[in-house]
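Have a look at the chains below, and then we can walk through them together.

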Amino acid sequence: MIDKKTLDEHNLTQSEYELIVKLIGKEPNITELGIFSLMWSEHCSYKSSKIHLKKFPVEGEHVIQGPGENAGVIRIGDGLAAVFKIESHNHPSFIEPYQGAATGVGGILRDIFTMGARPIASMDSLRFGPLSVPKNRSIMEGVVSGIAGYGNSIGVPTVAGEVYFDDSYSLNPLVNVFCLGIAREDKIFYAKAEGVGNKVLYVGSKTGRDGIHGATMASAEFDEDLERKRPNVQVGDPFKEKLLLEACLEVMDKNLIVGIQDMGAAGLTCSTAEMASNAGTGISIDLDRVPQREVGMTPYEIMLSESQERMLVVAEKEQVHSVQEIFSKWDLEAVVIGEVTGGDRLIVKAEGKTVVDIPVDPIVNLCPVYDRTTRAPEDLHASHDLEIPPPPADLNPVLLRLLASPTLADKEWVSRQYDHMVQVNTVFSPGADACLLRLKDSRGGLAVTLDGNSLYTYLDPRTGGRIAVAEACRNLACVGAKPLGVTNCLNFGNPEKPEIMWQFKEVVEGVAEACRFFGLPITGGNVSFYNETEGVPVHPTPVLGIVGAVEDIERTAGPGFRSQENPIVLLGRNLEEIGGSEYLRVHFGQKAGRPPLIDFELEKRIQDFCRESVEKGLILSAHDLAEGGLAVCAAECTLYSPEKIGFTLELEDDIRTDALLFGESQSRILLSVEDSRLDSLMELARRMQVPATVVGRTGGDRLSIHHRGVQVLDVPVEKAYTVWKNALPEILKNS
Amino acid sequence: MKFGVVVFPGSNCDYDTYYTLKNVFRQETVFLWHKDRDLQDVDCVLLPGGFSYGDYLRSGAIARFSPLMRELEAFAASGGFVLGICNGFQVLLELGLLPGAMLRNKGLKFLCQFVHIRIENERTPFTGSGRKGQTLKIPIAHFDGNYFVDPEALAELENNNQVILRYSDPAGNITEEANINGSLHNIAGISNRKGNILGMMPHPERASESFLGSDDGRIIFESMIQACLSRRSER
């Protein structure tokens with residue numbers, strides 16, 4: 001009955017269609033087909049990824065809720081819980097950068113407050129193509145404005161993030177948004193439609209035609225026909241969402257509701273089906289009662305719409321009036337549109353007729369799980385072969401070039417557009433590796449960070465996955481925080497291609513290994529496939545969001561040097577590793593070699609040592625070494641220090657000078673300490689078996705490095721500051 | 001002393017302001033819902049920052065119609081102390097309780113960063129504990145903070161010492177570089193003729209605890225508490 005063209009438009013294969021018919025015992029009508037199209041899309045069903053995601057460690061003594069709900073929940077003490085997750089909004093951000101990014105923020109915020117948590121901070125990981133291309137500049141402008149516009153308006157600070165640039169993102173920008181909220185441990189709400197006879201309420205904005213097939217769009221590659229996809233992008237209203245947030249938290253605080261789910265991807269379809277499935281009940285709704293802002297919407301359109309700022313709430317009959325009163329106080333609709341039924345079906349009525357009547361289980365749980373073929377790319381070994389070019393004679397221009405490259409340059413152009421201070425929890429630390437948030441009425445705080453080097457993952461997905469976790473934890477160690485839980489966003493190309501599926505499997509296994517080693521549960525996350533245009537996929541990009549805790553927010557450290565003439569100590573070992581480095585990419589134009597080695601045992605000892613040193617107040621500053629290696633790390637310690645204090649380093653390692661300055665060996669942290677604390681610090685390092693070397697001193701107005709007695713770097717601080725500070729504003733002012 | 005923080009739909013900094021007054025300065029503080037008509041006998045009313053009504057139409061344009069604003073007007077007319085911060089300042093401008101308007105920042109981007117402001121007039125209830133010429137490091141966070149008013153009104157403000165705070169460099173020099181949003185005469189905060197109402201764009205509640213980056217904002221609240229105390233003891 002349904003022809004191939006219709007199936008293609010709905011992104012369903014012939015065999016999937018036949019399975020649907022078998023499971024529901026009839027041929028679906030067009031609305032029912034639309035429902036399956038959304039719910040069985042990659043974005044909603046995780047059909048290609050499920051089999052691998054099972055490998056993630058999800059248990060932990062602090063875990064209250066792991067993967068499977070709207071967000072993960074971790075106990076943090078004092079009767080409180082941290083609720084957090086990361087989501088992607090990649091495809092919409094390419095079509096319509098401002099709204100794509102804005103609604104990404106809106107969506108993740110709802111995932112948090114639907115659990116009963118007040119959102120306290122957001123972060124974002126952004127990946128764009130090279131800024132020399134005007135389209136990429138305009139995408140970046142739109143995305144950053146969109147995140148700022150939404151986040152600032154709703155009053156949740158955007159406190160940290162990362163921005164990377166690479167060719168592979170040119171036609172497929174990545175916008176991953178993370179949100180953290182705080183809830184009372186005993187007041188977490190779930191997406192369950194429990195209690196036969198309970199009422200189902202629709203709350204929030206009216207439904208329109210925006211975003212229809214948004215989920216299906218996110219489950220397919222782009223082709224030339226992009227403009228036509230514009231109506232697929234949802235439009236956000238942060239003011240409405242702020243009202244929604246306050247109203248929802250109020251009804252939850254007063255215990256007036258039984259269950260709640262936000263209407264995100266696949267809107268009304270997803271929320272009704274999932275809430276019923278989670279509770280083992282059925283659900284019945286009447287579309288005539290759904291508030292609509294367009295005339296003549298069909299059942300198909302209403303069920304598939306992804307209009308923003310809407311929630312589905314289940315409440316006992318006796319509480320409905322109180323719920324409606326609260327929503328009315330906040331000037332929001334709260335309409336009873338149906339009820340929870342016995343049985344197991346999703347029944348939808350419109351104009352007196354039944355337009356949908358299908359069992360819930362097939363929609364939510366019986367989408368086929370695919371074990372797609374994996375195959376390592378043929379050119380992988382070739383890319384590992386690295387003909388290391390001879391090092392340049394003068395390394396000063398190399399450092400300046402790195403500092404001026406968009407990935408490493410100062411990001412104030414971005415961060416200044418975000419209100420990062422609202423809610424007065426943000427502990428001030430420019431350039432901090434992880435953001436520290438105080439918990440009101442407590443001495444302690446939470447630390448959050450996002451990380452994921454996609455060049456490493458491109459060259460060696462498993463190692464890239466392992467390093468992503470290690471590095472994020474290292475960021476937390478620098479501020480003195482202990483990691484508690486992980487959320488991850490996995491961004492890949494087309495999983496129907498064996499090479500992409502291989503990358504995915506390897507990354508998942510690498511991330512899983514690292515999390516198991518560090519004893520970190522994964523509490524949830526997001527998979528975004530089909531980030532590919534005209535056959536060119538993005539680099540495999542895992543973005544890790546980690547939440548940690550500190551016991552005392554006054555016991556922390558930032559990256560900037562604090563005063564003159566302080567000893568500088570380097571933790572870890574400098575190996576001769578240039579593969580996969582930003583230096584190799586920027587200076588030699590090569591993305592080749594193997595990523596640096598990662599030794600989990602050493603990494604853990606160094607992180608534990610750093611954290612303990614911060615807690616004991618032994619150090620003045622801490623900054624971990626990442627892209628750009630030692631020279632860039634030390635330069636950042638200067639550039640982030642309020643007085644821009646320079647440094648002099650004396651290094652003896654018997655390796656190539658350029659590898660020493662710019663190689664990206666793992667597990668290294670640069671500390672500055674007071675003279676009087678140096679002995680205690682080195683003694684502690686010895687006891688904890690951590691390689692620690694005094695490599696120089698802070699001071700002066702130059703960035704100076706000597707290698708085996710020869711000066712190899714000598715750059716005036718002012719010059720470094722100027723190129724680093726002005727790089728992004730210069731490039732972007734011309735757009 | 002008793003402080004009231006007004007809450008409009010879309011206010012964001014209401015809780016920050018409440019927390020600062022209640023927990024940092026240990027003052028009795030209440031929320032005042034915009035639909036109510038009761039100012040609950042407070043000594044001072046604060047209009048907090050945020051995006052009341054989503055900044056629909058113009059920032060503060062709709063908030064001024066809230067029922068509570070009628071009470072506020074009467075309170076202000078009788079000399080009650082009123083502090084408008086950021087969006088709160090914008091509401092006071094829309095109410096006509098302070099002259100002028102806010103335009104988009106000169107760089108056409110939202111700006112969130114620490115700035116320095118200089119106290120121009122220390123003889124107000126909001127700056128009484130400070131010194132004339134003193135610079136304060138306090139953050140701003142706004143898209144529309146570019147203060148504008150017609151030339152006559154501007155001259156009046158200057159002549160009557162109604163310009164209370166100006167953007168400056170850390171040393172206290174009034175420079176163009178320090179004027180991050182393009183405001184006329186680097187104006188960061190003004191008062192009405194009588195001096196009982198202050199509107200300021202920077203957020204003192206975000207600079208009242210040192211680990212947030214600065215506690216220079218304390219001066220504003222300490223001055224207000226002192227002013228309220230003096231007034232009460234006069235009665």
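## Where the chains meet

Let us begin with the contact, to which chain A gives 25 residues and chain B gives 23 residues. On the side of chain A that touches chain B, the elements that give two or more residues are α8 (134-154) and α10 (238-253) of chain A. Of these, α10(A) gives the most, with four residues. Sorted by class, that side of chain A holds twelve nonpolar, seven polar and six charged residues. Please keep in mind as you read on that this is a predicted model.

## Chain A as a whole

Chain A has 26 helices and 27 strands. Its radius of gyration is 26 Å, close to the 27 Å that the globule rule gives for 735 residues, so chain A is as compact as a globular protein of that length. If you are thinking about a box, the C-alpha atoms of chain A fill one of roughly 85 × 55 × 45 Å along the principal axes.

How much of chain A counts as buried? The share is 60% of its 735 residues. As for contacts in chain A between residues at least 6 apart in sequence, 85% of them join residues at least 24 apart.

## Chain B as a whole

Chain B has five helices and eleven strands. A compact globule of 235 residues would have a radius of gyration near 18 Å, and the 16 Å of chain B agrees with that. The C-alpha trace of chain B spans about 45 × 40 × 35 Å along its principal axes.

Of the 235 residues of chain B, 57% count as buried. Among the contacts in chain B with a separation of 6 or more, 75% come from residues 24 or more positions apart.

## A closer look at helix α1 of chain B

Is helix α1 (residues 14-24) of chain B mostly covered or mostly uncovered? This helix is mostly covered, with eight of its eleven residues buried. The buried residues in α1(B) are B:D14, B:Y15, B:D16, B:T17, B:Y18, B:Y19, B:T20 and B:L21.

One backbone detail follows: just after α1(B), B:R26 takes a positive phi of about 55 degrees.

Notes. Residues numbered from 1 in each chain as written. Chains lettered and ligands numbered in written order. Predicted model: local features only at pLDDT ≥ 70, side-chain atom pairs only at ≥ 80, totals over all residues. Buried ≥ 20, exposed ≤ 12 C-beta atoms within 10 Å, placed from the backbone. Contact = placed C-beta atoms within 7 Å. Nonpolar A, V, L, I, M, F, W, Y, C, P; charged D, E, K, R; others polar. Rg over C-alpha atoms; globule rule 2.2 N^0.38 Å.
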